[in-house]
Amino acid sequence: MGSRCTSRLPTSPPSASRGGAASFRALPQPALFPTAGDLTAGLLGQQRTKRYRARVTTGFRAGVVHGDLRYARYPIVVGHYEGDTIVGAEARIDQLLEGALSTRYNLGLYPGPARTSSVVLRQPTALQRALRLPNGAVVVGLGRWGELTAAQLANLIRRAALTYVLQLDDAAGATLVGESDIVGLSMLLIGTNSTSNISIDDSIAAILRGIAQANRELRSRVPAARHIEEIELIELYADTAIEAARAVRRLAAPLGDELDTRIEAAPLLA
């Protein structure tokens, strides 16, 4: 019997629902460590698949202000070495806060050892608002003289920023940041004294790193909490302020890319 041809059989392959080959859309890998395929590709010199990397969008603005501490718009962050007295810029802040820092110092409640900090916030009066006086301070314990490094400073700034934001949230609606709703900090160039080997660039980089890391942790672990939206570095001497402003503009973008956050540098010295 000769073979017969029929036109009733399907001419296209079966669909995926009937057992046919299925095509899948490739999605990025959310792995945070090398997979077996990555390791094999690396040994063979092949190009690895681009891994998914979530980008943190919580950013902040950074700038430099040339002027006196009395014009600080936010609570002032100042460092204090273990065993030191309240002198210099720290004494000026104490004066502006009507002795709030020296009161804590005299009671033995003042930071000094590394990883210690104290947040001092005052509800601003009408006169303080009119005179634009600072309404708070964040004192960061720097440890012993000569032992502070830029990496340690970044972690100390991170801890101090976290403490400050959480205390703001605990203050249940109190107006603690002046007329603006922006959560910010005014800062000195911490660690750039004659007894430290930290340069202006290193100090600014440590400050930016610390604030960025604090914001990352707040965003990931306490989503309902606020975060630092702006920092202003205050410097009395013009040459140092100019150098600091240049450093902020130079470091903001590279550090922002490295830390997966947006750091906006103020274009001009205020």
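**Questions on a predicted model**

User: In which helix is asparagine 215 found?

Analyst: The model is predicted: local features need pLDDT of at least 70, side-chain atom pairs count only at pLDDT 80 or more, and totals for chains, interfaces and linings use all residues. Residues are numbered from 1 along each chain as its sequence is written, and side-chain values use heavy atoms, with hydrogens and water left out. Helices (DSSP runs of H or I, at least four residues) and strands (E, at least two) are numbered from the N terminus. On that basis, asparagine 215 is found in helix H6 (residues 200-221).

User: Is asparagine 215 buried or exposed?

Analyst: Buried means under 20% relative accessible area, exposed over 50%, and partly exposed in between (1.4 Å probe, protein chains only). The relative accessible area of asparagine 215 is 1%, so the residue counts as buried.

User: Which residue has the backbone nitrogen that the side chain of asparagine 215 reaches?

Analyst: Leaving out residues up to four places away in sequence, asparagine 215 touches Thr58, Gly59, Phe60, His227 and Ile228, where contact means heavy atoms within 4.5 Å. At 2.9 Å, its side chain reaches the backbone nitrogen of isoleucine 228.

User: In what order do the strands form the open sheet?

Analyst: Strands pair if DSSP finds at least two bridges between them. In this protein, 7 strands form an open sheet of mixed pairing, in the order S3-S4-S2-S5-S6-S1-S7.

User: Why is one side of S3 and of S7 left without a neighbour in the sheet?

Analyst: Strand S3 (117-121) and strand S7 (263-265) stand at the edges of the sheet.

User: Which residue in S4 is the bridge partner of valine 77?

Analyst: Strand S2 (residues 76-80) pairs with strand S4 (residues 136-141) in the parallel sense, over 5 bridges. Within S4, the partner of valine 77 is valine 138.

User: What angle does the direction of helix H5 make with that of S3?

Analyst: Helix H5 (residues 150-170) packs on the sheet and touches S2, S3, S4 and strand S5 (184-187). Axes are lines fitted to C-alpha atoms, for helices over the stretch in contact, and angles run from 0 to 180 degrees between N-to-C directions. The direction of H5 makes with that of S3 an angle of about 35 degrees.

User: How many aromatic pairs does the count come to?

Analyst: Rings of Phe, Tyr and Trp (its six-membered ring) pair if their centres lie within 6.5 Å; planes under 30 degrees apart count as stacked, over 60 as edge-to-face and the rest as tilted. The count comes to 2 aromatic pairs.

User: How are the rings of tyrosine 81 and tryptophan 145 arranged, and how many residues apart are they?

Analyst: The ring centres of tyrosine 81 and tryptophan 145 are 4.4 Å apart and the planes lie at 20 degrees, so the pair is stacked. Tyrosine 81 belongs to the loop between S2 and helix H2 (88-96), and tryptophan 145 to the loop between S4 and H5. Tyrosine 81 is buried at 5% relative accessible area, whereas tryptophan 145 is partly exposed at 41%. The stacked pair thus links distant parts of the chain, with a separation in residues of 64.

User: Which residues does leucine 269 contact, leaving aside its neighbours within four places in sequence?

Analyst: Leucine 269 lies in the segment after S7 and is partly exposed, at 33% relative accessibility. Its contacts beyond those neighbours are Val64, Val65, His66, Ala241, Ile242 and Ala245.

Terms used:
A polar contact is a pair of N or O atoms within 3.5 Å; within protein, one must be able to donate a hydrogen and the other to accept it, and residues adjacent in sequence count only if both atoms are side-chain atoms.
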